[in-house]
Amino acid sequence: MEKQNLPVVVVGAGPVGLAAAAHLVERGIEPLVLEAGASAATAVRDWAHVRLFSPWAEVTDPAAEKLLAPTGWTRPDGTTYPTGGDWTGQYLQPLADALGDKVRYGATVTGVARAGRDRIVDSGREEQPFTVHIRTADGGEERITARAVIDASGTWSTPGPMGANGLPALGERTAADRISYRVPDLRDPAVRARHAGRRTAVVGSGASAFTALALLADLAKEEPGTHALWVLRRGIGEATYGGGEADQLPARGALGLRAKAAVEDGHASAVTGFRTEAVERDDERLVLVAEDGRRLEPVDEIIVLTGFRPDLSFLSELRLALDERLEAPTALAPLIDPNVHSCGTVYPHGVKELSHPEQGVYLVGMKSYGRAPTFLALTGYEQVRSVTAALAGDHEAAERVELTLPETGVCGGAGLFDEPGTAQGDEGGGCCAAPATLRIGIGAPAASGGC
């Protein structure tokens, strides 16, 4: 009984973490959301200028809406597309405010374990609660006891490196002052100055790389001398730019076409089959060196867009069953393998696929997908609905699927359009390829004023 009276700790006050808290409240279970940042949705605030591919109807959670309703909150027009700033200001922060002291800011989780049991010990393990170690904003340390842990910390803080082998290229760390792992916000004068009239290497082949190429091409039209060097580990084929005009999700197709136009118009040039091994200094510029010895012409800046990965360091004392490739739960990994699936072919799933040998701990949201870039907002909300039902003992609800996705998928993603009505065609047009916390996070600046 003592264990049942403890709170469920939720790591991360992002979209899925806050939805988990709302579902716990609905179930009569006390949540405690631990957020490292000073406000809700810290990662989303990093890309506040970006407009999503997903409309409002696909980025709010039903339990969260119920919690918000008594505050006078009304959901924006479900057919319009929010920016990250809109999402944070009009939904995520109000949701965190409605949760009140159930959300704690400035609390960085540094470790999770069974109380009094390290990873090796079997005896009495399942009867013990969890102990969550945190570092506070002032540098202090605390321990929190929990009945269960829902890790919704995402992957935004751990972008993939430039090295083709998954490790940083030689010299990558020492050249950190000239390397970025985000698509630039060219509205920022300081960021614009880093690229205007200069050569920028863009490393990566997903939608985030498409977006960077399109933005740099636009800048090249205004600032002579601006050029992008697109570094691809593979060759260019029919699928390089996505589905184009034949894409069932028009906004996604438009993204690839913009990148293709950047190359064809001469604002970007592609280097294929280039697997980066090192970054070398050439006076004030940088030179990329491939594994086969090829050296590229010097560039002024490098943008690395090679995906994201989960931070598992603070879960090292827990018994997790993770796929050796994706670092996702073993039962979930075959369903989200990007070699096989796009966001439209991943069916809704819940507690069954998210469970581990360590009972009572769940990785949800983008973190549950490990290195796979196919995550959907609505899928994350379905995950936490199922997990919280299981924690409440409602196993029938936990096993039931309450989400139906259209055949084309409901992809969150960053848009290259500024106005909500620009993307026409299938509802929910989005991008499956850009890796970020909610298939979000990277894209072109949106018009101010939001929806």
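## Confidence

Residues are numbered from 1 along each chain as its sequence is written. Local features need pLDDT of at least 70 and side-chain atom pairs count only at pLDDT 80 or more, while totals for chains, interfaces and linings use all residues; side-chain values use heavy atoms, leaving out hydrogens and water.

The chain averages a pLDDT of 86 (the predictor's confidence in each residue, from 0 to 100). At least 70 is reached by 84% of the residues. Over residues 406-451, pLDDT stays under 50. Where pLDDT is low, the predicted coordinates should not be read in detail.

## Nonpolar cores

A nonpolar core is a set of buried Ala, Val, Leu, Ile, Met, Phe, Trp, Tyr and Cys residues joined through side-chain atoms within 4.5 Å. Buried means under 20% relative accessible area (1.4 Å probe, protein chains only). The largest core has 62 residues. Leu18, Trp87, Tyr91, Ile150, Val364 and Leu391 have the most contacts inside it. Helix α10 (residues 377-391) gives this core its largest share, eight residues. Helices are DSSP runs (H or I, at least four residues), numbered from the N terminus.

A second, separate core has 20 residues, including Val112 and Leu312.

## Helices α1 and α4

The axes of α1 (residues 15-26) and α4 (residues 84-99) come within 10 Å and cross at roughly 40°. Axes are lines fitted to C-alpha atoms over the stretch in contact, with angles from 0 to 180 degrees between N-to-C directions. Contact means heavy atoms within 4.5 Å. Among the residues making it are Leu18 of α1 and Trp87 of α4.

Notes
Buried < 20%, exposed > 50% of the residue type's maximum accessible area, 1.4 Å probe, protein only. Helix = DSSP H or I, 4+ residues; strand = E, 2+ residues; numbered from the N terminus.
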